[in-house]
Amino acid sequence: MALRPMLLRMIPGLLALLALLPGSMAAADEKKLGIGPDPALSPAAVVQLQLAALANVDKPVRDAGFAIVFALASPGNRSQTGPLAHFAALIRETYPAMLNHRASTLAPLISEGRQAIQGVELIDRTGVVHRYVFTLSKQPDGPYKDCWLTDGVVQAPEEGEPEIAI
């Protein structure tokens, strides 16, 4: 079974679980939800899950997708952008094109040791193409040991292919 279709099929179920939660995802146990960091997820799979969550950000309820994206953010990223409500507002203001986008394509992954860079090209809900670069790191210790998590996202230059923009 191909990884991308499998990940995309998981999103509606994960979002439905979020709808049952009282309060914020920051207080929820990620392991019980099955959406937290997992050493089995590759850097590309982490980015695909985050993109799928942003493409369906308000399903089944407003802002549900942000919880998945936040759960797959590195501890350093979370400390700079959290809590979840602030994280959601930051993405809404800084990266509105990612929300409810129509499609996304991953460039070839660049990885060295415990660091990875993933270029992404996406088509927003109005049909405009945008390029981003996700930086990820494999966590060295703690509760997320050996999990790939997103450290940050930046908009790539508009010229060239996503892999060139990296």
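**Figure 1. Helices α3 and α4 run roughly antiparallel to each other in this predicted model.** The two helices pack at an angle of about 165°, with their axes 8 Å apart. Axes here are lines fitted to C-alpha atoms, for helices over the stretch in contact, and angles run from 0 to 180 degrees between N-to-C directions. Angles under 35 degrees count as roughly parallel, over 145 as roughly antiparallel, 65 to 115 as roughly perpendicular and the rest as oblique. α3 passes α4 in a left-handed crossing. That term applies if the near helix is turned anticlockwise from the far one by less than a right angle; clockwise is right-handed. From α3, the contact uses Leu49, Gln50, Ala53 and Leu54; from α4, it uses Gly65, Phe66, Ile68 and Val69. Contact means heavy atoms within 4.5 Å. Helices (H or I, at least four residues) and strands (E, at least two) are DSSP runs, numbered from the N terminus.

Residues are numbered from 1 along each chain as its sequence is written. In this predicted model, local features need pLDDT of at least 70, side-chain atom pairs count only at pLDDT 80 or more, and totals for chains, interfaces and linings use all residues, while side-chain values use heavy atoms, with hydrogens and water left out.

**Figure 2. The loop between α3 and α4 holds Pro60 and Asp63.** The peptide bond from Lys59 to Pro60 is cis, with omega near 0°. Asp63 has a positive phi of about 70°, although it is not a glycine. Asp63 is partly exposed, at a relative accessible area of 27%. The classes are buried (under 20% relative accessible area), exposed (over 50%) and partly exposed (in between), with a 1.4 Å probe and protein chains only.

**Figure 3. The largest nonpolar core has 34 residues.** Phe66, Ile91 and Phe134 have the most contacts inside this core. A nonpolar core is a set of buried Ala, Val, Leu, Ile, Met, Phe, Trp, Tyr and Cys residues joined through side-chain atoms within 4.5 Å. Two or more residues each come from α3 (43-55), α4 (64-71), α6 (84-94), β3 (115-123), β4 (129-138) and β5 (148-155). The largest share, 7 residues, is that of α3. Nonpolar side chains tend to be buried together in soluble globular proteins. Phe66 touches Leu54, Val57, Leu84, Phe87, Ala88, Ile91, Arg92 and Leu99, leaving out residues up to four places away in sequence.

**Figure 4. Helix α6 has a buried side and an exposed face.** Leu84, Phe87, Ala88 and Ile91 are buried in α6. Down the helix axis, the buried residues of α6 fall within an arc of 100°, so they line one face. The arc is that of the directions from the helix axis to the C-beta atoms. Ala85 and Glu93 are exposed on the face turned away from the buried side. The cover over the buried residues of α6 includes α3, α4 and α5.

**Figure 5. Asn77 lies in helix α5 (residues 75-81).** Asn77 is buried, with a relative accessible area of 12%. Its contacts are Gly82, Phe87, Thr150, Asp151 and Gly152, not counting residues up to four places away in sequence. One of these, Gly82, is joined to Pro83 by a cis peptide bond, with omega about 5°. Pro83 is in the loop between α5 and α6.

**Figure 6. Asn100 sits in the loop between α6 and β1 (103-106).** Asn100 has a positive phi of about 60°, although it is not a glycine. Asn100 counts as partly exposed, at 29% relative accessibility.

**Figure 7. Leu109 lies in the loop between β1 and β2 (110-112).** Leu109 and Pro43 are 66 residues apart in sequence and 8.1 Å apart in space, C-alpha to C-alpha. Leu109 is in contact with Pro43, Ala116, Ile117 and Gln118, leaving aside neighbours within four places in sequence. Leu109 is partly exposed, with a relative accessible area of 35%.

Figure 8. Along the sequence, the pattern is α-α-α-α-α-α-β-β-β-β-β-α. The chain has 166 residues, and 45% of them count as buried. Among contacts between residues at least 6 apart in sequence, 54% join residues at least 24 apart.
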